[in-house]
Amino acid sequence: MYQHKQYAIFIFVILGWIGGFIALAWNLIGADIPLMVFSAILVLVAFLFHGLTIKVNDKTVSWAFGPGVFGKTVAFDEIESVRAVSNSFRHGIGLRITHDGWVYSVSGFSAVELAMKDGTYYRLGTNDQDGLLAALKLHITEALPEISKEATSEAE
């Protein structure tokens with residue numbers, strides 16, 4: 001079983017920067033309701049998006065942000081292919097839909113793309129691209145033995 005959690009360093013930096021302004025405002029104008037509500041929202045965002053955990057077990061691959069929210073579980077027999085990709089600034093961080101498919105990312109540009117049999121694409125941001133790709137390819141070739149036979153005949 002493969003499991004890896006990437007922490008959201010970029011999100012922490014941005015939230016810390018905003019938190020500095022909140023602390024300054026709190027000191028200058030005191031604790032008022034809008035400032036406390038905004039602070040609570042930042043704490044909630046930090047809790048929900050503090051990292052991205054990707055798990056690969058014998059039958060599925062799953063991923064989720066923070067404590068297990070905004071995630072998905074996919075069976076290996078639904079996956080057509082996997083490949084290493086590099087996200088750009090337009091892919092951003094967090095959860096979003098782009099022209100490349102669904103993007104789940106918390107930090108950095110390296111990702112693994114899952115191409116599903118129904119035409120959907122998922123890009124999973126990770127700082128362990130090689131490890132995740134190896135774990136996925138191991139289970140996908142076991143789930144799809146005809147693809148591994150074609151790949152070995154092409155390699156010869």
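F109 is partly exposed, with a relative accessible area of 39% (buried is under 20%, exposed over 50% and partly exposed in between, using a 1.4 Å probe and protein chains only). This value comes from a predicted model, in which local features need pLDDT of at least 70 and side-chain atom pairs count only at pLDDT 80 or more, while totals for chains, interfaces and linings use all residues. Residues are numbered from 1 along each chain as its sequence is written, and side-chain values use heavy atoms, with hydrogens and water left out. F89 has a relative accessibility of 75% and counts as exposed.

Searching the whole structure gives 8 aromatic pairs (Phe, Tyr and Trp rings, the last by its six-membered ring, with centres within 6.5 Å; planes under 30 degrees apart are stacked, over 60 edge-to-face, the rest tilted). One of them joins F89 and F109 edge-to-face, at 5.2 Å centre to centre and 80° between the planes. This pair links distant parts of the chain, 20 residues apart: F89 lies in the loop between β5 (79-86) and β6 (94-98), and F109 in the loop between β7 (101-105) and β8 (110-116) (helices, H or I of at least four residues, and strands, E of at least two, are DSSP runs numbered from the N terminus).

Y104 and Y122 form a tilted pair, with ring centres 6.4 Å apart and planes at 45°. Here too distant parts of the chain are linked, since Y104 sits in strand β7 and Y122 in strand β9 (residues 121-125), 18 residues apart. Y104 is buried at 5% relative accessibility, and Y122 is buried at 8%. Both belong to a cluster that ring pairs build from F49, W63, F65, F70, Y104 and Y122.

Within β9, L124 is the bridge partner of Y104. An open sheet of 5 strands has the order β5-β8-β9-β7-β6, with mixed pairing.

Helix α2 (residues 33-48) has 16 residues, and at 1.5 Å a residue it should span 22 Å, which agrees with its end C-alpha atoms lying 22 Å apart (the expected span is 1.5 Å times one less than the number of residues). L35, S39, L42 and L48 are buried in α2; their cover includes α1 (9-29), β3 (60-65) and β4 (69-75).

Confidence is summarised by an average pLDDT of 87 for the protein chain, with 90% of the residues scoring at least 70 (the scale runs from 0 to 100).

Note on methods
pLDDT = per-residue confidence, 0-100. Contact = heavy atoms within 4.5 Å. Pairing = 2+ DSSP bridges.
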